[in-house]
Amino acid sequence: MSEGILMALAGNPNSGKTTLFNELTGARQQVGNYPGVTVEKKEGVCRRGGAEIRVVDLPGTYSLTAYSEEERVARNFIIEQRPDVVVDVVDASNLERNLYLAVQLMELGVPVVLAFNMSDVAKARGLEFDLAEMSRLMGVPIVPTEGHKGKGIDELVAAARKAGADPASCRPAEIRYGPDLEQAIERMAGKLQGQSPMATPRHLRWSAIKLLENDAEVKAKIGAPEIHSRVASEQQRLEALLGDTPEMLIADGRYG
């Protein structure tokens, strides 16, 4: 048995994530709570293809904006525990809503694999996807699965193992928000460098975006008043220039 990796399972509610988790781990599961909150924590072990994978089933969420306890738990687990790979379970029959979370995971800069679950339901609705082209455009592996039938599980595990063992092989596309927002993000990322000396450029960019979105948790971690003052002025400038709040403009950019 080779050295294990840590896989986090993310996904919208009703995407089939729990069914996929049960298929991966079988009876090798533990259920508890995340520290300090009432959100249920499920983890288990997947043994396939000569590898042992520790699988954590994150709470079902529609986004990582940290408005709800479930969103905070899911996001903090990814940021703090740094899983080797995040498998985002996507309901392939409802792509637009599900890919919003996928884009946010990609923005975190972690290795991501998309499980296009419920592929049979999508096909029955007349939906067909060029998965190779979608994978190229998004910069992440995409594996079609049917969790309730156990289809695609071996291929998903293989893709997750590869992404976890070689993060450089998984390069999520960077979402761009247009020249005005990008200039504001760049300025904020530059201001944050002294706040997080060990942060990567991708993490600084992510933090800048979250500040412009008024993310309460990220704001609470910034102690410098001049940073908060700069955020407020950037928000006011963008709203006057573009006619909407940065939070709404960023959401529109993700959907785009």
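1. Three helices, α3 (95-107), α5 (131-138) and α11 (246-255), each give at least two residues to the lining of the second largest pocket. Helices here are DSSP runs of H or I with at least four residues, strands are runs of E with at least two, and both are numbered from the N terminus. The top contributor to this lining is α3, with five residues. By class, the lining has 10 nonpolar, two polar and two charged residues; Ala, Val, Leu, Ile, Met, Phe, Trp, Tyr, Cys and Pro count as nonpolar, Asp, Glu, Lys and Arg as charged, and the others, Gly among them, as polar.

2. A word on the model before going on. The model is predicted, with local features needing pLDDT of at least 70 and side-chain atom pairs counting only at pLDDT 80 or more, while totals for chains, interfaces and linings use all residues. Residues are numbered from 1 along each chain as its sequence is written, and side-chain values use heavy atoms, with hydrogens and water left out.

3. Back to the second largest pocket, which holds about 270 Å³ of space. Its lining has 14 residues, and Leu99, Val103, Met138, Arg254 and Tyr255 are the closest to its centre. A pocket is an open set of points on a 1 Å grid over the protein atoms alone, where a 1.4 Å probe fits, with protein on both sides within 12 Å along at least five of seven lines; lining residues have an atom within 4 Å of a point. Grid points are joined across faces, edges and corners, and the volume is the space filled by probe spheres set on the points.

4. The largest pocket has a volume of about 620 Å³. It is lined by 26 residues, with Ile79, Arg82, His203, Trp206 and Ser207 nearest its centre. At least two lining residues come from each of α2 (69-81), α8 (201-212) and α9 (216-220), and α8 gives the most, with five. The lining divides into 13 nonpolar, seven polar and six charged residues.

5. Do have a look at α2, one of the helices in that lining. This helix has 13 residues and reaches 17 Å from its first C-alpha to its last, close to the 18 Å expected at 1.5 Å a residue; the expected span is 1.5 Å times one less than the number of residues. Glu71, Val73, Ala74, Arg75, Asn76, Phe77 and Ile78 are buried in α2, where buried means under 20% relative accessible area, exposed over 50% and partly exposed in between (1.4 Å probe, protein chains only). Arginine 82 follows α2 and has a positive phi, near 45 degrees; Arg82 is also among the residues nearest the centre of the largest pocket.

6. Now for the aromatic pairs, of which the structure holds two. Tyrosine 100 and tyrosine 255 are stacked, at 4.6 Å centre to centre and with 25 degrees between the planes. Because tyrosine 100 lies in helix α3 and tyrosine 255 in helix α11, this pair ties together parts that are 155 residues apart in sequence. Tyrosine 100 is buried, at 10% relative accessible area, whereas tyrosine 255 is partly exposed at 45%. Rings of Phe, Tyr and Trp (its six-membered ring) pair if their centres lie within 6.5 Å; planes under 30 degrees apart count as stacked, over 60 as edge-to-face and the rest as tilted.

7. What kind of pair do phenylalanine 116 and phenylalanine 129 form? The pair is edge-to-face, because the ring centres are 5.7 Å apart and the planes stand at 90 degrees. Phenylalanine 116 lies in strand β6 (residues 112-117) and phenylalanine 129 in the loop between α4 (119-124) and α5, so the pair ties together parts 13 residues apart in sequence. Phenylalanine 116 is buried at 1% relative accessibility, and phenylalanine 129 is partly exposed at 30%.

8. Proline 246 sits in helix α11 and is buried, with a relative accessible area of 3%. Beyond its neighbours within four places in sequence, proline 246 contacts Leu212, Gln235 and Leu238, contact meaning heavy atoms within 4.5 Å. Its C-alpha is separated by 6.3 Å from that of glutamine 235, 11 residues apart along the chain.

9. Leucine 181, in helix α7 (residues 179-192), is buried at 3% relative accessibility. Leaving aside neighbours within four places in sequence, leucine 181 is in contact with Leu238, Leu249 and Ile250.
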